Amino acid sequence: MRYRSPLLRFKNIFFSLFLFTITFFSVQAKIIDPVKWEVSAKKISDTEYDLFFKASMEGKYHIYSQFLDEDQLGPIPTAFTFEKGAYKRIGKVEEPEGHEEFDPTWDMKIKFFEKDAIFRQRIKVLPGFQSPLKASITFMACDDKTCFPPETKSYEFDLENLSVSSEILKVSNKDLELSNGIILPIKLKEGVVLSITEKKSLWNLFVLGFIGGLIALLTPCVFPMIPLTVSFFSHSAGGRAQGIFKAVLYGLFILVIYILVSVPFHLLDTVSPDSLNNISTNTWLNVLFFVIFIVFAISFFGFFEITLPSSWSNAMDAKASRVGGIVGVFFMALTLTLVSFSCTGPILGSLLGGSLSNDGGAIQLTYGLAGFGLALALPFAFFALFPSLLKKLPKSGGWMSTVKAVLGFAELAFALKFLSNADLVEHWGLLKREVFIGIWILIALALAVYLFGFYKMPHDAPGQKISWTRKALGAIALIFALSLAPGVLPASSPYHASLKWLSGFPPPTFYSIYNNAIEKGHHDSYNSLEEAIEASKKEGKPMLIDFTGWACVNCRKMEEQVWVDPEVNKVIKDEVILVSLYVDDRKALPKEKQFTVKYPNSDVIKKVKTIGDKWASLQSINFENNSQPHYVLMDANFNVLSTPVGYTPDSNTFYKWLKNGIKRK
């Protein structure tokens, strides 16, 4: 076998990603009609005729067999419909041999036709037959990337003159899916728009990422590299100006590398409007994140080190030494990114998990990674400009091991959040609110005991003194544990506390060991839009549609901080019909109610298999939004009464939005 260096493999991976990106974004010209049909009739005898339907497909487009497995959710099969008349069909429509292969798009073995396909139907006319004979074809055209919505074309066969006329009738997505409750005939009240450009807290995420980067700077994988790298650039050939230039460039490359990490998630975000939400609420992915974070925590405790293959960093280092110049500086930055992974990896994992568990996904991750990369990059550029300040940096020492251990306890707490997400989505009942808070109390107590010096981690230096700073942090951890204690008491206890300041992290208040409210979700709400519409008609109240999720942090904050406000709570109880639609509900729809939907103005098709799929598709298609929480005020006649809103932490603002919409009913 021919040996391929890690560097070559690394370059090939990035080159392939580059080509994929170019291809993905360059396919803008859409084929309007990729399938052409030619229809003809042939006389066999005085009473028998053959009707031919020839499909010609462009490029890699194909259509599907009439005889697909009805037990599997897949594409729309090709179907022929004949209007009743004084004739009878002899057998079924015959189709060509075609191809039968496993289709990764549909995750099943499917028979399909490419290039040309001729279908034949023999008929026998009966006494009293009158031309024309009317027939129609319904089909779905797909290639290896996209699918068009099902289309119907109708034809009239004049068997006396053996001529055919055609009338193309396209079945709209709206007509196709209305029976499934996905497309709603919504109307907007004057001044109402479906979506507005929201100024999400992206800069807050940037700041959080920046803070994460500053924490990473204090770890033993990164901190000792600052004086070493700055010294290298300061004493390199070319003088001080050249050294400053390379140090600044080095920092810039660090920033760019971390931003590039988010690129694949943007590509994923374009595949489907709610793909990242599906990932964030996927049960087994959340369980996997839980396991990974536990491993990260154990690594931070010093029991072992998580490192990328040393051959990678060695190859990057060798490349930097050999190439030199600007390219060499880039590979130096890449080397730092690789060798510091044992400390930065868990923090980046937290950033990734937090972004996927929130709305916005890819763009949030980009802002977070940009902040993280900037925090790592700034010291190298700053100390290159002011090298004399290097002497004021604290010396590397045992305090960095303490920082890693504290991060380990934080990873344990975050790990529990991912297990809680899976538990909520699947309704396992493992981590009820009080159990979750109780485990956090134990983690905080363990952190306090460690900081006070009652036990050591494997990487702690022997005889290390317990500083006053460390004792102060231990006291904070102890106070935190004590402040959580009232949260495990029943609501009936005079010492119970709702812990509003922690909303979004523990399970919701209704997911409690003191009651069995698991399936329904928030009290006093419908979980079916159809039932809510009936209630709205009966009671004459508008609906407050709450697009929410079991694993949605901001949804819990709204319920536990805003909805409990007396004025808001009164409106929700007395003046609207509340319907909470959980977009991450993994309960499967009955087979007969599962279907495939195509997003308007998009090549995205989606299999709707679960209740959550249905509500997520309904939200994305009708209200042009896929983030949670998302609130819509609508009456039973599908009039949207006010511009929908998302996370609104100010109770007064949310109250005014409710009242202004209700007035328009």
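The following questions and answers concern a predicted model.

Reader: Is strand 14 buried or exposed?

Author: In strand 14, Ile 577, Val 579 and Leu 581 point one way while Leu 578, Ser 580 and Tyr 582 point the other way. In a regular strand the side chains alternate between the two faces of the sheet. Because 6 of the 6 residues of strand 14 (residues 577-582) are buried, this strand is largely enclosed by the rest of the structure, and the word asked for is buried.

Reader: Which residue stands opposite Leu 581 in strand 14?

Author: Strand 13 (residues 543-548) and strand 14 run parallel and are joined by 6 bridges. Opposite Leu 581 in strand 14 stands Phe 547.

Reader: Which helix gives the largest share of the nonpolar patch?

Author: The patch covers about 660 Å² of surface and includes Leu 442, Phe 454 and Leu 482. Helix 14 (433-451) and helix 15 (468-484) each supply at least two of its residues. The largest share, 3 residues, comes from helix 14.

Reader: Is Phe 454 buried or exposed?

Author: Phe 454 lies in the loop between helix 14 and helix 15. A residue counts as exposed over 50% relative accessible area. Phe 454 has 66% relative accessibility, so this residue counts as exposed.

Key:
Residues numbered from 1 in each chain as written. Predicted model: local features only at pLDDT ≥ 70, side-chain atom pairs only at ≥ 80, totals over all residues. Heavy atoms only, no water. Buried < 20%, exposed > 50% of the residue type's maximum accessible area, 1.4 Å probe, protein only. Helix = DSSP H or I, 4+ residues; strand = E, 2+ residues; numbered from the N terminus. Pairing = 2+ DSSP bridges. Patch = residues over 30% accessible without salt bridge, like charges linked within 9 Å, V, L, I, M, F, W, Y side chains within 5 Å. Areas by Shrake-Rupley, 256 points an atom, 1.4 Å probe, with all protein chains shown as cover. Salt bridge = Lys/Arg side-chain N within 4 Å of Asp/Glu carboxyl O.
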